[in-house]
Amino acid sequence: MIIKSTRTVAGQVLVFQVALVVLLVACGVFALILQSERDTSAEARRRSTAVAQTFAHSPGVQEALRTPDPSKTLQPLTEAARRAADVDFIVVMDTEGIRYTHPLPDRIGQRFVGEIGPSLAGRVYVESVDGPLGREVQATVPVENADSEVVALVSAGMKVENVESQLNRQLPIILGAGAGALVLSAAVTALVGRRLRRQTHSLAPDEMALMYEHHDTVLHSVREGVLIVAADGRLMLANDEARRLLELPRDIEGRLVSELPGLDPETKALLASGREVTDEVHLAGERLIAVNQRPTGREGGPRETVVTLRDSTELQAVTGRAEVARERLRLLYDAGLRIGTTLDVLRTADELARVPIPRFADFVTVDLADAVLHGEEPAPTGTDMRRAAVSGIVDNHPLTEQGRLFDYLPATPQARGFGSGRSQLVSDLPTATDWRVQDPERAKAIIDYGIHSLITAPIQARGVVLGMATFWRTQQHERFNDEDVSLAEELVARAAISIDNARRYTREHALAVTLQRSLLPQAMPEQNALDIAYRYLPAQSGVGGDWFDVIPMPGSRVALAVGDVVGHGLHAAATMGRLRTAVHNFSALDLPPDELLSHLDDLVGSIDQSEAAESAAGVVGATCLYGIYDPVTRRYVMARAGHLVPALVRPDGTVTFPDVPAGPPLGLGGMPFQTAEFCLAEGTQLVLYTDGLIEDRRRDLDVGMELLREALTGSPGRSPEETCQNVLDRVLPGRPKDDVALLVARTRQLPPDRIADWDVPPDPAAVAGMRDAVSRKLEAWGLAEVAFTLELILSELITNAIRYGSGPIHVRLIYDRTLICEVADGSSTSPHLRYAATTDEGGRGLFLVSQMAERWGTRYTPQGKVIWAEQALPQGLADH
């Protein structure tokens with residue numbers, strides 16, 4: 001009690017003396033601060049702001065900021081300015097607050113201590129902070145470029161101890177007095193304490209015992225091992241956790257760490273070295289120990305090393321599992337990006353086979369029902385399976401090759417998975433037997449190759465199994481386990497949707513292509529006016545509405561048509577079929593091209609109106625080019641509705657694009673169409689095409705037209721087939737986004753000796769003379785056996801022209817594949833076929849013509865009309 005009382009008195013005396021001195025010093029400092037606070041604060045702000053602004057606007061600062069190393073240029077300048085301005089620092093920094101300059105070079109590149117937000121907004125900001133030089137008063141100003149943008153910041157300031165100069169001059173007096181009082185009180189206290197320490201040895205025995213107990217409890221209760229190693233490498237202390245982790249005996253203190261049992265040489269070397277390490281992992285038996293080592297004795301104490309040990313074995317295991325999970329997530333992420341990039345079934349299957357290699361499997365095979373490859377639904381059993389994709393770490397493997405067709409035998413894992421819709425795991429292929437029945441010889445080769453396990457997962461979408469994906473592992477991987485099955489199912493599930501989408505697209509695409517091809521000409525009609533070649537290529541992204549046609553016309557003429565319906569899919573293909581049918585029907589009326597396009601325009605307009613309630617997208621945008629070639633006169637008459645102009649390849653190989661008036665696309669209405677007429681030399685090639693041939697996103701229309709010109713130029717003797725192929729090879733884009741229709745027709749001229757013309761006077765008596773003239777001509781052509789029938793037809797037609805028509809009357813015979821008789825007159829009255837009554841004297845002429853002729857009809861010309869009739873020729877007489 002005496003010791004405690006004595007110590008308490010000494011303490012009270014010391015506290016009283018210190019309190020008294022502090023009170024006196026505080027009063028003096030308070031009075032001094034009240035006197036000088038205002039002046040010193042204003043002076044500090046003014047000087048810091050002036051220096052910072054002066055340096056920020058100094059010449060050369062912004063040029064230095066744009067150099068690769070601004071610090072190299074600015075550091076000498078700021079130091080010179082700092083000494084000249086009598087401030088403690090000038091700091092130049094970027095807009096992120098990273099210093100370019102500082103009085104302490106090691107602070108360059110570090111973040112500025114202070115607020116930079118107001119200065120980034122263009123304002124001058126003054127503050128007081130605890131900076132690298134101590135308590136500082138600093139002003140921060142922006143450096144602005146010519147566009148008033150802040151490109152850097154400049155801060156200048158002074159330490160508080162230098163700013164408060166007046167206070168510093170008076171403080172030593174007050175502080176000196178206070179220090180003297182403190183020294184005096186400390187001396188008195190020291191004398192009292194010294195006497196007390198001699199009497200009590202500083203601490204009482206119970207306090208010493210209590211301190212030791214606390215120290216021992218903490219040291220041996222913590223869950224980290226603690227070692228203290230002396231400078232000579234001897235172990236001074238080891239707590240209980242360290243003994244457990246390192247399996248040290250009880251009497252280990254005092255021994256050299258190099259003699260500790262159970263430690264690997266690398267750990268012993270680390271403990272003996274005394275070097276500083278952080279979380280360095282070492283092996284101690286079966287444990288992974290994280291070692292932290294720090295030296296002591298930096299302030300004159302004994303030079304020892306404190307080592308802490310932490311068991312990281314479980315953490316390492318958890319980290320390993322987390323890394324495996326991370327790799328699996330990364331694999332699934334890559335699968336989502338790389339599987340299903342196209343709507344092609346085989347391409348998607350190949351992507352599924354490639355993604356897991358080598359991270360999950362060494363080989364992957366993908367088997368799909370053969371019906372799936374054709375867009376159909378698969379069978380419920382594993383029959384007619386085709387190996388759609390095979391991929392692996394090497395190409396020379398024993399697995400079944402790609403493209404092979406086979407059936408799953410019931411006992412195989414693939415058959416069980418296909419039937420049940422659940423994945424199958426075979427973790428030990430050498431000992432399993434059910435999978436070998438599919439192909440015993442190949443199974444033996446697979447085992448000899450080193451493949452030891454497999455997972456086969458059903459490719460399932462909408463509850464339907466489309467195929468099986470099988471993952472194989474060799475000795476380079478551990479055997480598959482149940483956790484791997486879930487990953488395989490996730491991979492296959494992502495691919496199954498893409499494969500099913502590709503299957504459905506294949507089916508729809510095949511249906512559309514089938515529909516479109518059924519609507520296009522299946523074969524070219526027989527005719528002698530043109531040599532025809534054509535190509536039709538559906539777009540890879542879906543069928544469109546491109547079409548073409550070759551239509552025989554009366555008088556050995558041939559109509560050529562090509563068109564395009566904007567859009568893709570079944571609707572465009574169906575619309576194209578309607579337009580092609582309409583062109584056939586209108587051409588049967590033998591209308592001029594401009595009139596035919598007008599009727600077609602009205603039809604498209606009515607289609608748009610009828611479908612407006614169902615869909616906002618009509619047929620507006622359909623284009624068409626229609627022309628008629630006459631081999632007798634070599635005249636070609638054409639008109640176009642928003643379509644591209646054709647190309648004419650003359651017999652000498654030169655190419656022109658004729659000037660054909662461009663009408664509006666079909667369906668717009670309100671604008672008339674115009675025709676253009678050309679006389680073509682025999683052997684001229686007409687090249688009709690759709691925009692898919694020459695237009696592409698990567699090139700302009702003019703570029704495509706020029707490529708077409710270059711492909712057609714030269715080689716005057718080239719056949720239409722050769723022209724088609726050459727155009728496709730040189731002009732067609734690599735992956736056309738639109739349908740391509742190409743029609744090449746080389747003109748022929750009917751020989752003049754196969755044509756006969758007569759002018760007929762408007763007198764019924766002239767009919768007999770015409771019969772004689774025609775009979776002689778037919779005999780000269782070797783067609784005497786059809787002369788009687790033709791004379792009857794000609795008599796009726798001439799009689800009708802004389803009786804009901806007007807002059808001039810003209811008769812023309814054409815000997816082609818059929819015998820064509822034409823009677824032209826100046827009247828536009830239309831003859832009608834009717835059945836005459838038994839009491840009627842007339843009205844049977846056209847009826848007789850329709851019975852004796854193979855076909856007959858009327859076409860109108862600017863001069864009147866032409867009534868024509870065709871008569872089939874006997875076998876062997878037709879000119880092919």
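This report describes salt bridges in a predicted model.

Side chains of opposite charge can pair when their charged atoms come close. The structure contains 34 salt bridges.

| Pair | N to O distance |
|---|---|
| R82 and E79 | 2.9 Å |
| R386 and D370 | 2.6 Å |
| D590 and R557 | 2.7 Å |

**A pair within one helix.** R82 and E79 both belong to helix α3, which spans residues 70-85. Because they lie 3 residues apart in this helix, about one helical turn separates them. Both R82 and E79 are buried.

**Pairs between distant parts of the chain.** A salt bridge joins the side chains of R386 and D370. This pair connects distant parts of the chain, with R386 in strand β11 (residues 385-392) and D370 in helix α12 (residues 370-373), 16 residues apart. R386 has 22% relative accessibility and therefore counts as partly exposed. D370, at 16% relative accessibility, counts as buried, because buried means under 20%.

D590 and R557 also form a salt bridge. This pair, too, links distant parts of the chain, its residues being 33 apart. D590 is found in the loop between α16 (570-588) and α17 (593-611), whereas R557 is found in the loop between β17 (547-552) and β18 (558-564). Both D590 and R557 are buried.

**A network.** Salt bridges can also be traced through a group of residues: E377, R462, D500 and R503 are linked in a network.

Technical notes
Residues are numbered from 1 along each chain as its sequence is written. This is a predicted model: local features need pLDDT of at least 70, side-chain atom pairs count only at pLDDT 80 or more; totals for chains, interfaces and linings use all residues. Side-chain values use heavy atoms; hydrogens and water are left out. A salt bridge is a side-chain nitrogen of Lys or Arg within 4 Å of a carboxyl oxygen of Asp or Glu. Helices (H or I, at least four residues) and strands (E, at least two) are DSSP runs, numbered from the N terminus. Buried means under 20% relative accessible area, exposed over 50%, partly exposed in between (1.4 Å probe, protein chains only).
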